[in-house]
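Here is a protein chain to explore by question and answer. Look over the sequence and the fold, then read on.

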Amino acid sequence: MKKKEFEIEGRSIHEELLRLAAQGNKPFTESLCPGVEHILGIRIPLLRKLAKQIACSNWEDYLETAGTYYMDERLLQGLVLGYIHPDEDLEKYLARVSRFVKVINSWAVCDSFAFAGGKSFVRRNAPRLWAYLKEWMQSTQEYEVRFGVVMAMKYFIDSEHLAEMFQCFDQIHHRGYYVKMALAWAVSVCFVFDSERTFAYLKQNALDDFTYNKSLQKIGESYRVSSEQKQRIKLMKR
């Protein structure tokens, strides 16, 4: 027997999303996510508000019946997973996250995710979460790899993980555009954290030319990089 669709304030999530879409900007969102189908264009603050409402209710029922037809539905799932209290059993929570990762179909859905419990949750479970993200970076699927890279960038750019992170980056050879852009973004953030160690990495790495040069570009565009460092970076283009 099919489980009844989750409702909030007397409306199904599908109905609520269609209602919120009337206040959105579909053409703008579509321009940011080229090639992605079925976009409602709901504004992120409205999706976050809805996600918080779901997280304060029977969110498990929601996750069991959550749809994936619209990109916005997928985005909502990720937001809800960031607002709930993580399961006491870490592996149970990560299983929920893994189901979400499998339905990511755009950079917007990927990058909006954050682990529930914030930085304290990450600190308590750092070894397992780091291993978990490294597994995604080894995937053959574009958005799964991007998820691993972006989440590693969000939570693990520190002195302890930087060297291994560079090793992980060198082992990624996926041709997907959104993987390459995630890597370039992550390298630029690594540079802001520790410019000298990242300079050393940029001098000897296994990044393809596009990703390498895009990394330099993003470093050059950062307002947190000095003029002297930007001049040095310019001379390193392949």
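This is a predicted model, where local features need pLDDT of at least 70, side-chain atom pairs count only at pLDDT 80 or more, and totals for chains, interfaces and linings use all residues. Residues are numbered from 1 along each chain as its sequence is written, and side-chain values use heavy atoms, with hydrogens and water left out.

Q: How many disulfides does a search of the whole structure find?
A: A disulfide is a pair of cysteine sulfur atoms within 2.5 Å. The search covers the whole structure, and its count of disulfides is zero.

Q: Is Cys110 buried or exposed?
A: Buried means under 20% relative accessible area, exposed over 50%, and partly exposed in between (1.4 Å probe, protein chains only). Cys56 is exposed, at 72%. Cys110 has 0% relative accessibility, so Cys110 counts as buried.

Q: What is the phi of His38?
A: His38 sits in the loop between helix 2 and helix 3. His38 is partly exposed, with a relative accessible area of 33%. His38 is not a glycine, yet its phi is positive, at about 60°.

Q: What is the volume of the largest pocket?
A: On a 1 Å grid over the protein atoms alone, a pocket is an open set of points where a 1.4 Å probe fits, with protein on both sides within 12 Å along at least five of seven lines; lining residues have an atom within 4 Å of a point. Grid points are joined across faces, edges and corners, and a volume is the space filled by probe spheres set on the points. For the largest pocket, that gives about 300 Å³.

Q: Which residues are closest to the centre of the largest pocket?
A: The lining of the largest pocket has 18 residues. Helix 2 (26-32), helix 3 (44-55), helix 5 (71-83) and helix 7 (107-111) each supply at least two of the lining residues. The closest to the centre are Thr29, Leu32, Ile44, Leu75 and Ala108.

Q: Which residues does Ala51 touch, not counting those up to four places away in sequence?
A: Ala51 lies in helix 3. Ala51 is buried, with a relative accessible area of 0%. Contact means heavy atoms within 4.5 Å. By that rule, Ala51 touches Leu76, Leu79, Val80 and Tyr83.

Q: How far apart are the C-alpha atoms of Ala126 and Phe156?
A: Ala126 is found in helix 9. At 18% relative accessibility, Ala126 counts as buried. Ala126 and Phe156 are 30 residues apart along the chain, and their C-alpha atoms are separated by 8.6 Å.

Key. Helix = DSSP H or I, 4+ residues; strand = E, 2+ residues; numbered from the N terminus.
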